[in-house]
Amino acid sequence: MAVFLRHPLRLGSLLLIPTLLACGGWGLSTEALPPLNLPLPIAQLQEPPLAVEALAQQSIGSLVTIQGQVTHVAPFSVGGLYQLTDDTGSVWVLTTETPPDLETMIRLQGQVQYEQILVEGRDRGERYLQERDRIIRSALDLG
């Protein structure tokens, strides 16, 4: 026992083992782990896309899937903006990646955001999407 007292790291390691075992297995729980922002598998983007006009009813911060054609592109030195248009309207999408080419058909998942723009005291802001993941339509099986 005198050996352990001179080496508190070993004593601490030995005391940790019963604690881990008492917590169930090694004390690991996926619920305690923080979420990782990894790219989504294509299967998660297969849910039916939302019409662009329906974005007005979505709460700020919610994740939505939409699809359409890229009609405008504004590249930045890193990332950029692009406008995605479907039969019901258009929405700007902010991305940290290189924006897609004009006329590209894509499906994306994004987080609904709102930018307030005050003009003479009136809010003229609009909703936009912060891109989370995108796939080119040719890679989709849309039927």
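Q: Which residue of strand 3 does Asp-86 stand opposite?
A: Strands are DSSP runs of E with at least two residues, and helices are runs of H or I with at least four, both numbered from the N terminus. Two strands pair if DSSP finds at least two bridges between them. In this predicted model, Asp-86 stands opposite Gly-89 in strand 3. Strand 2 (residues 80-86) pairs with strand 3 in the antiparallel sense over seven bridges, and a hairpin of two residues joins strand 2 to strand 3.

Q: In which sense do strand 3 and strand 7 pair?
A: Strand 3 (residues 89-95) and strand 7 (residues 126-136) are parallel, paired over two bridges. Leu-94 has Gln-130 in strand 7 as its bridge partner.

Q: In what order do the five strands close into a barrel?
A: The order is 1-2-3-7-4, with mixed pairing. From one strand to the next, the twist averages 55 degrees; for such angles, axes are lines fitted to C-alpha atoms (for helices, over the stretch in contact), and the angle runs from 0 to 180 degrees between N-to-C directions.

Q: Which residues touch the most other members of the largest nonpolar core?
A: A nonpolar core is a set of buried Ala, Val, Leu, Ile, Met, Phe, Trp, Tyr and Cys residues joined through side-chain atoms within 4.5 Å. Buried means under 20% relative accessible area, exposed means over 50%, and partly exposed lies in between (1.4 Å probe, protein chains only). Of the 13 residues in the largest core here, those touching the most other members are Leu-55, Ile-66, Leu-84, Val-91, Val-93, Leu-108 and Leu-129. Strand 1, strand 2, strand 3 and strand 4 (105-115) each supply at least two residues of this core. Contact means heavy atoms within 4.5 Å; beyond four places in sequence, the contacts of Ile-66 include Leu-55, Leu-84, Val-91, Leu-108 and Leu-129.

Q: Where is Ile-60 placed?
A: Ile-60 belongs to the loop between helix 2 (8-22) and strand 1 (63-75). With a relative accessible area of 46%, Ile-60 is partly exposed. Ile-60 and Tyr-114 are 54 residues apart in sequence, yet 6.8 Å apart in space, C-alpha to C-alpha. Beyond four places in sequence, Ile-60 is in contact with Val-112, Gln-113, Tyr-114 and Arg-127.

Q: Is Leu-102 buried or exposed?
A: Leu-102 counts as exposed because its relative accessibility is 53%. Leu-102 is found in the loop between strand 3 and strand 4. Among its contacts beyond four places in sequence are Val-70 and His-72.

Q: How many salt bridges does the structure hold?
A: A salt bridge is a side-chain nitrogen of Lys or Arg within 4 Å of a carboxyl oxygen of Asp or Glu. The structure holds one, in which the side chains of Arg-134 and Glu-131 meet at 2.7 Å, N to O. Both Arg-134 and Glu-131 are buried.

Q: Over which residues does pLDDT stay under 50?
A: pLDDT is the predictor's confidence in each residue, from 0 to 100. The protein averages 76, and 62% of the residues score at least 70. Values stay under 50 over residues 1-30, for which the model has seven contacts beyond four places in sequence, and over residues 36-43, for which the model has five.

Definitions and conventions: Residues are numbered from 1 along each chain as its sequence is written. This is a predicted model: local features need pLDDT of at least 70, side-chain atom pairs count only at pLDDT 80 or more; totals for chains, interfaces and linings use all residues. Side-chain values use heavy atoms; hydrogens and water are left out.
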